[in-house]
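Open the model in your viewer and keep the sequence panel beside it. Each stop below gives a selection, then what is there.

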Amino acid sequence: MFAVHLVSFFFSKLQEDPTKKVDRFLYAMRLNDDQLRDISARFQAEMKKGLSAESNDAAAVKMLPTHVRSTPHGSEKGEFLALDLGGSKFKVLQVKVREGTGIRRGGVEMEEKTYPIPKELLIGRATELFDHVSESLKDFLHEKNISLKEKHPLAFTFSFPCEQSSLNQGSLLNWSKNYRVRGLQKKDVVQALRESIDRTGGMDVEVLAMVNDTVATMITCGFDDHNCEVGLIIGTGTNACYMEELRHVDLVEGDEGRMCVNTEWGAFGDDETLDDYITEFDRDVDAASHNPGKQLFEKMVSGKYLGELVRLVVLKMAKLGKLFDGHVSKALRTKGKITTAQVAAMEEYKDGLKNTKDILTELDLDPSQDDCIAVQHVSTIVSFRSSNLVAAGLAAILTRIKENRNLRTLTTTVGVDGTVYKTHPQYPKRLHKVVRHLLPECHVRFVLSDSGSSKGAAVVAAVAQRLASQRRKVDETLAPFRLSQEQLQLVKARMRAGLKAGLKSKMTSGVKMLPSFVYHTPDGTEHGEYLALDLGGTNFRALLVRFKKGLQQNSRLYHKIYTIPLEIMQGTGEELFDHIAQCVSEFLDYMGMKKARLPAGFTFSFPCEQTALDTGTLVTWTKGYKATDCEGHDVVNMLREAIKRHNEFDLDIVALVNDTVGTMMSCAYEDPQCEIGLIAGTGSNVCYMEEMKNIEKIEQKEGKMCINTEWGGLGDDGSLDDIITPYDIEVDQNSINTGKQRFEKMTSGMYLGEIVRQVLLDLTRRRLLFKGHVTETLKTPGIFKTEYVSKIER
């Protein structure tokens, strides 16, 4: 007896390990890391192809824009009806969304009812199907005592591929999941629903949003986890969506912000992209399906097909004598006899082998222990391949998000739903592990949708409602900045009145109209070397200009820029002009011209009352300057005194000009017809050649003279109060010259960034931006520079 047991023991050792036998037979389904990375790279390429307008028509992965532009941030609220259509049953729900709380804290309440769809409607006409849906909706309203007289916003989860032109409009591309309804393909699904609701009658319903179940899953999870920007379905079908940068979505106008893209990744491989990974069993499943050649990735991955893949593998192994001693039952030959639920049961940790034996016995087979181990291993390989393929696709999406945002690491959340993910005991762990293995630099959290896609659709409608309300309030806030033609004509008339008043000797005007004593623009005979000094902002420039005779001759220009520190700008006048003299000294050293006595022009970009070309009394500081003992003093004389104190060089200062005048003269040197100078920079000003007969302040009445308008003071007398916004008032009150330069504060670079900051601060405090989170940085005056405005608009 002992010898018999010993022989039996050694014989069993000689027999082949059943799992290794399966491994060899299904080697093509066992994907290694390099293969998964290759598949991921192929999917990334397909995503780019689908996003491009040029290649979308030929793309298998359609990358459909959903017009969902925002994930929830907690301020959504309202009561919504929801319809969820995507299988053999559909649901009608009432969803109440309360502001400021998450799902688990009771932020969303739902009442729902499931309605069966008769099989004949799945192959009937679209009008019949949608009439059934709308009649069920009316029944639900009656049953739940929901008023039929009130208007109800409705969200529609429609789990079939649609090409959407807006959030509440979309054309059906094709049916799936056993639906063969006639008369809806290429037509607007939402319009079909509206028409059926009208035919049913007695309801006042507004369809706000139509979303795919994948998008609804992302939104459902995103309501509780604001990092959720990916939605994944692994159930009867499979699909994924994610938030893409709008600048990459060619099929939608605009390039600001993000939009959720429904990848429709089930069609990955329909263009032969995956042919080297598709096995004979995949081809058999595809050939026996109702849509051969389509949805190949879905047929390798989803719950509708996993059981059938296992059956085909087991059948082939049995026919080859590798299982059941070559016995093949009629049941094993029958399509659909092994379900995905049974695959999951066979893989259970404790009872998997027992379940496998029971399932095989039901198929009229007499499995040995090794047969059960082998079939269990087949199930593991088929489902493991599914999770591997999903992980590869998900890795492609996460990589794209990371690269879009130029991040080294990405922290994000994936919202997941679907029967395979929910019911298969090993699937989630395998999927999570492989994703993290493929993308070790990403921190990915997986959140299971705890209440299906209907809630997500309602939240999408709530988000759409919130965004519409936000846009309306933002538009109302910004409306005062949008000046009509009538308002601009009024500003023009007030400016003309200010110009005329400023030219009068006895009238006061915010527009000072300062004579510059520049009587002529260049005529081309100018030549020689001149030094130019330019003070007008946070920098001081020293220039050496060499003119060659004749307008067609190019001048040569050499210059250096020196910073004016804030403490100098706002210190004493003597310190300011000493600093300027020091900068001039360094420049002459640099040019090797310290001993030359050059004629110099002084561009001084502040309002000065001039009595001659080389004298000018500072009227008032602007642009952040407030050096003491300067206003009311001749700035040319102050510079001459500073040069004397420096005692290292000598200059012949022959002209004092405003930067606006300097701009006009510079351009007139190139174009003799130039008679207007305009500055639109840190400050804002304009000058022009005026007929001297109109300048009461000047005795001479013949010829022309350049007038420095100093138009930045328009409005100092209240003439612009009807167009000045609360933000302009705030900027003015926080400035160092309150009540002055009102026009300049509405137009120039020194203030535009600060106006924008004031608007952002207000919108944020009203929870219309940045989820109402006001940072200390945003509260800092001057932190939002005008250059940011330019970059944002670029």
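**Stop 1: two crossing helices**

Select helix H5 (residues 126-143) and helix H6 (residues 189-200): their axes come within 8 Å and cross at roughly 60°. That makes H5 oblique to H6; angles under 35 degrees count as roughly parallel, over 145 as roughly antiparallel, 65 to 115 as roughly perpendicular and the rest as oblique. Axes are lines fitted to C-alpha atoms, for helices over the stretch in contact, and angles run from 0 to 180 degrees between N-to-C directions. The crossing of H5 with H6 is right-handed (the near helix is turned clockwise from the far one by less than a right angle).

Now show side chains. On H5, the contact residues include Phe-130, Val-133 and Leu-137. On H6, Ala-192, Leu-193 and Ile-197 are among them. Contact means heavy atoms within 4.5 Å. By class, this contact has 7 nonpolar, 4 polar and 4 charged residues. Ala, Val, Leu, Ile, Met, Phe, Trp, Tyr, Cys and Pro count as nonpolar, Asp, Glu, Lys and Arg as charged, and the others, Gly among them, as polar.

A note on the source: this is a predicted model, where local features need pLDDT of at least 70 and side-chain atom pairs count only at pLDDT 80 or more, while totals for chains, interfaces and linings use all residues. Residues are numbered from 1 along each chain as its sequence is written, and side-chain values use heavy atoms, with hydrogens and water left out.

**Stop 2**

Select helix H3 (residues 33-51) and helix H14 (residues 369-404). Their axes come within 8 Å and cross at roughly 55°. H3 is therefore oblique to H14, and the crossing is right-handed. Contact residues on H3 include Phe-43 and Met-47; those on H14 include Ala-392, Gly-393 and Arg-400. The classes here are 10 nonpolar, 5 polar and 3 charged.

**Stop 3: the six-strand sheet**

Switch to cartoon. An open sheet of 6 strands runs in the order E1-E11-E10-E9-E12-E13, with mixed pairing. Helices (H or I, at least four residues) and strands (E, at least two) are DSSP runs, numbered from the N terminus. Two strands pair if DSSP finds at least two bridges between them.

Which strands stand at the edges? They are strand E1 (64-65) and strand E13 (442-448), each with a single partner strand, so one side of each has no neighbour in the sheet.

Next, pick strand E9 (residues 228-234) and strand E12 (residues 410-417). They pair in the parallel sense over 5 bridges. Val-230 stands opposite Val-414 in E12. Helix H7 (residues 213-224) packs on this sheet, and its direction makes about 130° with that of E9.

**Stop 4: one histidine**

Select His-432 in helix H16 (residues 427-438). Is His-432 buried or exposed? His-432 counts as buried, because its relative accessibility is 16%. Buried means under 20% relative accessible area, exposed over 50%, partly exposed in between (1.4 Å probe, protein chains only). Leaving aside neighbours within four places in sequence, His-432 touches Tyr-421 and Phe-446.

**Stop 5: the five-strand sheet**

Another open sheet has 5 strands in the order E17-E16-E15-E18-E21, again with mixed pairing. Its edge strands are strand E17 (556-563) and strand E21 (651-657). The twist averages 20° from one strand to the next. Strand E15 (residues 528-535) and strand E18 (residues 598-604) run parallel, joined by 5 bridges. Finish on helix H21 (residues 635-646), which lies across E15, E18 and E21 at about 155° to E21.
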